[in-house]
Amino acid sequence: MKHRRYWLLKTEPKEWSWEDQMASPEGTAQWDGVKNRQAQNNLRSMKKGDLCFFYHSGPSDRRVVGTVEVVKEWYDVNDGGGGAVDVRVVGRLRRAVELKEMKGEEGFRGFVLLKQPRLSVVPVPGDVWERVIEMGGGYVGEDEEEEEVDEDVKDV
C-alpha cells in the first residue's frame, strides 16, 4: 500500500491565488516556476495522491487557504523553469490558518516552514497536517459544495 505524503506549496496571491487554482479547468493546474534546488527536489519527491497545503505567501497573506492533490508527478517543462507537477483542488479550509498561529503551536517547532521560511515547497509531517486541518475547521470539498448547491436548488 502506498504511503501518502504531505506538502506545502507557497505562492504569492498576485501571481497565482487560490481563486486562480479554483478557476482552472477542473481545478487542476501545473505547479511550476520553482527555481530553488531543494524546493525542486521536494517537487520531484511528490507522488500521485500526495496532498499539499495551498499557502499564500507575501507580506500580508501568510496563511494556508486550502488543499490540493498531486495528480501528475514531476515532468520537465521547456520554459527553463526546470519541471512541474500538476495539482487539483481538494478543498478550501473553512478558516485560513495564519503563519503566526502556526508559529505559536508547540508541536510545530521542527516544521520546515518555520525553520526555512523562504523555501517554496516543504514537506509537512502528518501530525502537523492534521493539526492545521483542525485549526482551519476542516475543509469544504467538492462533494460538500455540491450537496450545498443541491439543497439550495430544493429550496427554490
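Me: How do the residues of the lining of the largest pocket divide into nonpolar, polar and charged?
Reply: In this predicted model, the lining holds twelve nonpolar, seven polar and eight charged residues.

Me: Why is E26 called exposed?
Reply: Exposed means over 50% relative accessible area. E26 has 72% relative accessibility, so E26 counts as exposed. E26 sits in the loop between α1 (18-23) and β2, and its phi is near 55°, a positive value in a residue other than glycine.

Me: What makes strand β3 mostly covered?
Reply: Buried means under 20% relative accessible area, and six of the six residues of β3 (residues 51-56) are buried. In a regular strand the side chains alternate between the two faces of the sheet. On one side of β3 lie L51, F53 and Y55, on the other C52, F54 and H56, all buried; both faces are therefore covered.

Me: How do you know that β3 pairs with β1 and with β4?
Reply: Two strands pair if there are at least two bridges between them. β1 and β3 have six bridges in the parallel sense, with Y6 opposite L51. β3 and β4 (residues 63-76) have six in the antiparallel sense, with F54 opposite G66. Both therefore count as pairs.

Terms used: Residues numbered from 1 in each chain as written. Predicted model: local features only at pLDDT ≥ 70, side-chain atom pairs only at ≥ 80, totals over all residues. Heavy atoms only, no water. Nonpolar A, V, L, I, M, F, W, Y, C, P; charged D, E, K, R; others polar. Helix = DSSP H or I, 4+ residues; strand = E, 2+ residues; numbered from the N terminus. Buried < 20%, exposed > 50% of the residue type's maximum accessible area, 1.4 Å probe, protein only.
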